[in-house]
Amino acid sequence: VTPSEGAGGGTRRELEMESVLALGGLVLLRDSVEWEGRTLLKALIKKSALCGEQVHILGCEVSEDEFREGFDSSINSRLIYHDLFRDPLNWSQTGETLPGGPLGALQAMCRRTHPGPVTIALDSLSWLLLHIPCTSLCQALGALSRQHAHPGGGSPAEPLRVLGLLHEELHGPGPLGALSSLAQTEVTLSGTVGQASAHILSRRPRQRPAHQTQWFSILPDFSLDLQGGPPLESQPHADPHTASVDPTAHVTFNLHLSKKEREAKDSLTLPFQFSSEKQQALLRPGPGQATGRIFYEPDAYDDLDQEDPDDDLDV
């Protein structure tokens, strides 16, 4: 796929996806065991850095060296890294740990001021949920949005975007629903062999939620390569040279009834059915016919065995 060129040297699909993910507020990246989301998180961080935004990273799950791996020096120089991976609870007491632990580090970001747009990347929200109560984490994320949306009750500030990586298989419906209610954008990763897809749910003020599916791949330098659909080899298609196989072609009995056979079957009266003829014979016995006749109509749970009629007696 070769997208057409758009303004600023980008592509129309890139601009479309950027317009969805650059709304500000909380962007929830929901990954799974099959489709990890840290690579997409790093790709969005690179885009923010190239746009001149101040980028803060709260690293929890991997070391700083591992997270910075793959970025060139120009990108790494623009990233402000806050390390919670090395000593999250300050057990070493070296003074290098962020004050207040994970919650204190998150609350400290609320007090940071910057004249331009800011991006905060949380790697990951799942790690934070294991160390912070869900209510405290949601309150901190809500305060972070309010602090930068209307600082001091005045006009809106420069846009702030929070990128939160969430391993949704590790959490129940309660934490997932709480974080989903705070997010302005949710990106759920899935895909097929060789190419990933992102189902994007965006919520804009005074507008209905919008859904979009974007197919993409990520290059080794963490650049997004956006496509318009799934790869052709993964799309199901019928083989014209493959003939349909009849599973009843070689059986020794006939599974199909002709029209006459079906009519004969439908008109057949079984010996245990209480037909209208038997009912009339019971109500109006003919001359010389005994009146003490018994007609038996089996129940649905009767098990009739002609070879062992006393089977139900367990004799």
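Over the face of which residue does K42 lie? In this predicted model, local features are reported at pLDDT of at least 70 and side-chain atom pairs only at pLDDT 80 or more, whereas totals for chains, interfaces and linings use all residues. Residues are numbered from 1 along each chain as its sequence is written, and side-chain values use heavy atoms, with hydrogens and water left out.

K42 lies over the face of F67, at 5.6 Å from the ring centre, and the charged end of K42 also sits over the ring of F71, 5.2 Å from its centre; a charge is assigned to a ring if NZ of Lys or CZ of Arg is within 6 Å of the ring centre and within 35 degrees of the ring normal. The buried residues of helix α2, among them K42, L41 and I45, are those under 20% relative accessible area with a 1.4 Å probe and protein chains only, exposed being over 50% and partly exposed in between.

The structure holds 2 aromatic pairs, defined by centres within 6.5 Å, with planes under 30 degrees apart counted as stacked, over 60 as edge-to-face and the rest as tilted. The rings of F67 and Y81 are tilted, because their centres are 5.9 Å apart and their planes stand at 55 degrees. F67 belongs to helix α3 (residues 64–68) and Y81 to strand β3 (residues 79–83), so that this pair ties together parts 14 residues apart in sequence; both F67 and Y81 are buried. The rings of F71 and F222, with centres 5.2 Å apart and planes at 50 degrees, likewise form a tilted pair.

Notes:
Helix = DSSP H or I, 4+ residues; strand = E, 2+ residues; numbered from the N terminus. Phe/Tyr/Trp six-rings, centres within 6.5 Å; stacked < 30°, edge-to-face > 60°.
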